[in-house]
Amino acid sequence: MAELVNLTIDGISVRVPKGTLVVDAAKSVGIDIPVFCYHPKLKPVGMCRMCLVDIGTPKIDPATRQVVRDEKGQPVIVFGPKLTTACTTPVSEGMVVRTATEQVRAAREDVLEFLLASHPLDCPICDKGGECPLQNLTMAHGPTVSRFDYDLKFHNDKHVPLGDLIFLDRERCIQCGRCVRFQSEIADDPVLQFHDRGRGMEIVTFSDPPFDSYFGGNTTDICPVGALTTADFRFKARPWELKTTPSLCTHCAVGCNLALNTRLETKTGGYEIKRVMPRQNEQVNEIWICDKGRYVHHFTRAEDRLHYPLIRQDGKLVETTWEQALRIAADRLERPSAILVGDRIANEDAFLIAQFAKAIGAALEQRPALPAHYADVARAVGIGSDADFKQLGAGDVILVVNGDVEEEAPVWFLRLRQAVVDRGAKLIVAHHRSTKMHRYAAAIHRYEVGQAAKWAASQRADWLQGARNVLIVFGDEHLDGSSARALAQTLANWLILGGFAGKPNSGLLPLYPHANTQGVFDMLEHATRPANETTDTLWLVGVGADEPAPRANFIIVQDILLTERAKRADLVLPALSFAEREGTFTSGDRRVQRFYRALPPLGEAKPDWWIVQEIARRFELPWRYEAPAQIFAAIAQQVPRYAELSYERISRVEPQWPPMGREDLYYGGTVYDNTGGLGARYAADAERSALSPYDVHVPEPTLAGLERTPRLLYRDGELIRRSAVLRAHIVAEPLTA
């Protein structure tokens with residue numbers, strides 16, 4: 001346990017861990033020390049001087065080295081001749097801090113007066129208006145008048161693109177350096193830097209293409225003024241016009257917590273997502289999200305969203321009623337049928353589909369199919385239910401095998417990098433090509449394309465001995481199902497035989513393709529039955545257009561968009577997007593989390609669970625679910641691993657450190673606090689009982705595996721294709737070695 005230090009701030013006794021900065025110690029007891037350059041996730045630099053406070057320490061007798069005490073026995077406190085920056089000063093035993101003296105008040109006023117000397121008076125049109133730390137702190141601490149001549153204000157170019165996603169208003173920048181430091185310290189994309197000196201100092205980008213980073217949107221969140229704005233939100237809305245709804249990102253296995261900002265559009269008469277913001281969850285994404293999660297929301301109101309059921313008549317798809325569509329679907333599913341299920345749908349949907357498939361004897365498969373070959377292994381020897389990436393550091397080993405963490409799980413990349421760079425964990429990387437994680441590796445292993453399982457089987461894994469914890473992150477790049485399973489089993493055996501299986505901060509971490517790959521597997525596992533090459537009726541639920549499917553006489557497509565696959569279907573059932581309904585996802589580390597309805601439904605589109613239930617009722621299944629919460633209760637009863645979970649448990653919130661939210665804009669940025677639930681992991685099998693090693697068979701690589709391309713973050717797909725701001729970033733070609 002960390003050593004604790006006692007001090008006094010504005011007469012309040014405070015007890016915090018040694019090394020805590022004064023600004024954070026004050027925040028812990030509800031005392032706000034204003035800051036601009038300081039951010040609790042970044043290293044302190046003491047640039048803006050807004051946090052100046054009066055600090056005193058106990059007087060020490062030079063002869064005895066003991067604290068000098070007054071006649072009452074109290075320590076004699078000696079205050080410094082000058083004010084001190086609270087953001088760079090660690091607490092010390094007996095320290096006394098005064099944050100509200102006349103000298104402190106005057107210093108804050110002076111700092112703000114200097115900052116405003118060249119700041120434009122464009123608050124009415126500034127995108128930051130309504131959530132601007134500079135505006136708020138000026139109202140609280142600034143001068144009522146300025147001694148500077150308005151005509152001498154320094155003017156510069158406005159709305160300069162740092163890239164095609166982020167715009168800079170040079171006049172508004174207060175040179176706090178938060179954006180520069182985030183890109184350097186957190187993202188390790190040091191593409192921003194200061195240029196020039198004095199009043200001409202400005203932020204510039206040195207990368208080609210400009211501001212090339214997967215995490216650039218986070219700089220706009222932590223910018224304390226309106227200097228940085230995103231391409232899809234600038235000039236689009238005011239914060240007070242927006243309704244905020246807790247949600248989850250759907251694009252990878254991390255399960256980042258989001259806040260969807262929506263507004264009614266007068267032009268269209270409908271509600272739209274105006275921006276996607278991070279929602280704090282220190283166990284998942286802290287306060288960061290990648291730019292894919294931020295910008296690929298436009299599909300929710302794409303022009304080709306499905307509004308009504310469609311039936312093929314005379315070779316064309318025409319609108320029909322739900323009653324007719326459901327009757328036709330039920331009639332066709334009475335024949336030999338196969339159901340393919342995508343991994344973007346919610347747990348509640350997948351659970352009902354599995355129950356229905358068992359009831360009618362239909363074949364059932366998950367898509368993409370590859371993760372289903374090893375998801376049981378990743379679950380059995382997965383990281384502990386109480387695992388915390390922040391606890392990984394010196395003495396721990398992080399092994400990345402056959403995966404590109406930044407491309408496949410960007411926020412995991414940020415968190416694992418910090419465990420290595422900031423806290424001293426040892427990183428070992430094994431891959432057939434270079435990735436960004438190679439920059440931080442203590443050891444690098446290479447093998448031929450498609451040979452990951454063979455490489456793993458040839459290793460003794462002696463370099464894991466003596467480790468405190470071992471976290472193994474792995475992917476399925478250029479592997480077929482058998483090879484991917486062999487790789488997962490071999491890595492699991494390293495953990496089992498090394499005594500790491502079942503430990504809280506040790507285990508496997510799979511780089512799944514989507515938000516609910518694990519959850520869909522959990523729901524479908526005991527109902528899965530391979531489909532024949534041909535079948536009479538094929539029902540595709542949320543399956544990507546590029547996923548293989550058997551031939552069928554009649555094809556039912558259930559989706560949110562009129563995809564190329566939907567255009568060829570015989571019956572199309574319109575589903576709701578994640579933003580128009582509620583439900584749960586299970587992330588790659590088995591954390592079950594809720595998402596909530598932020599938008600009204602489009603047309604007559606329905607949630608997937610409703611569609612499945614209505615078809616099932618035509619088979620006389622006695623289902624009467626009215627909401628996902630009721631279905632999740634059934635999951636808890638019938639899926640053993642989810643037995644201890646409930647909507648109440650995964651919806652719980654608790655104070656997090658550092659505190660973020662709308663009252664702390666100056667401190668943490670425009671991040672949203674968590675009101676939607678922190679989620680909960682179910683236990684890995686290794687936590688419940690000891691596991692025996694797997695009997696591993698390593699097959700020869702097949703052409704099917706070698707032909708698979710890596711999963712790049714901006715890979716072409718149905719959803720990213722409908723994001724105007726990311727369209728130019730789509731990558732169609734595979735990475736080379």
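V449, L703 and L706 together make a nonpolar surface patch of about 260 Å². Patches here are built from residues with over 30% relative accessible area and no salt bridge, where like charges are joined within 9 Å and nonpolar side chains (Val, Leu, Ile, Met, Phe, Trp, Tyr) within 5 Å. The areas behind this come from the Shrake-Rupley method with a 1.4 Å probe, and for residues only the protein chains shown count as cover. Helices (H or I, at least four residues) and strands (E, at least two) are DSSP runs, numbered from the N terminus. L706 is partly exposed because its relative accessibility is 36%, given that buried means under 20% relative accessible area, exposed over 50%, and partly exposed in between (1.4 Å probe, protein chains only).

Before going further, please keep in mind that this is a predicted model, in which local features need pLDDT of at least 70 and side-chain atom pairs count only at pLDDT 80 or more, while totals for chains, interfaces and linings use all residues. Residues are numbered from 1 along each chain as its sequence is written, and side-chain values use heavy atoms, with hydrogens and water left out.

**Aromatic pairs**

How many aromatic pairs does the structure hold? There are 20. To pair, rings of Phe, Tyr and Trp (its six-membered ring) must have their centres within 6.5 Å; planes under 30 degrees apart count as stacked, over 60 as edge-to-face and the rest as tilted. One of these pairs is Y38 with Y667, which counts as tilted because the planes meet at 45 degrees, with the ring centres 6.3 Å apart. This pair links distant parts of the chain, 629 residues apart: Y38 sits in the loop between α1 (22-28) and β3 (52-58), and Y667 in helix α19 (residues 665-668). Y38 is buried at a relative accessible area of 2%, and Y667 is buried at 1%.

F632 and Y642 make an edge-to-face pair, 6.4 Å from centre to centre and with 70 degrees between the planes. F632 lies in helix α17 (residues 628-638) and Y642 in the loop between α17 and α18 (647-650), so the pair joins parts that are 10 residues apart in sequence. F632 is buried at 1% relative accessibility, and Y642 is buried with a relative accessible area of 0%. Elsewhere, Y447, W455, W463 and W494 form one aromatic cluster.

Two lysines are placed over rings. A charge sits over a ring if NZ of Lys or CZ of Arg is within 6 Å of the ring centre and within 35 degrees of the ring normal. K27 lies over the face of Y667, 4.7 Å from the ring centre, and K606 lies over the face of W610 at 5.0 Å.

**Helices and their packing**

Helix α16 (residues 608-617) is mostly covered, with 8 of its 10 residues buried. These are D608, W609, I611, V612, Q613, E614, I615 and A616. They pack against α7 (322-333), α8 (347-360), β24 (534-541), β25 (551-559), β26 (571-574) and α17; contact means heavy atoms within 4.5 Å.

In helix α3 (residues 133-141) you will find T138, which is buried with a relative accessible area of 18%. Leaving out residues up to four places away in sequence, T138 touches L112 and L116.

**Salt bridges**

A salt bridge is a side-chain nitrogen of Lys or Arg within 4 Å of a carboxyl oxygen of Asp or Glu. The count by this rule is 55, and the table gives three of them.

| Salt bridge | N to O distance |
|---|---|
| E282 and K41 | 2.6 Å |
| R618 and E323 | 3.0 Å |
| R460 and D462 | 3.1 Å |

E282, in the loop between β14 (271-278) and α6 (291-295), and K41, in the loop between α1 and β3, are 241 residues apart. Both E282 and K41 are buried. They also belong to a network of salt bridges that links K41, E282, E286, K390 and R415.

R618 lies in the loop between α16 and α17, whereas E323 is in helix α7, 295 residues apart. R618 is partly exposed at 30% relative accessibility.
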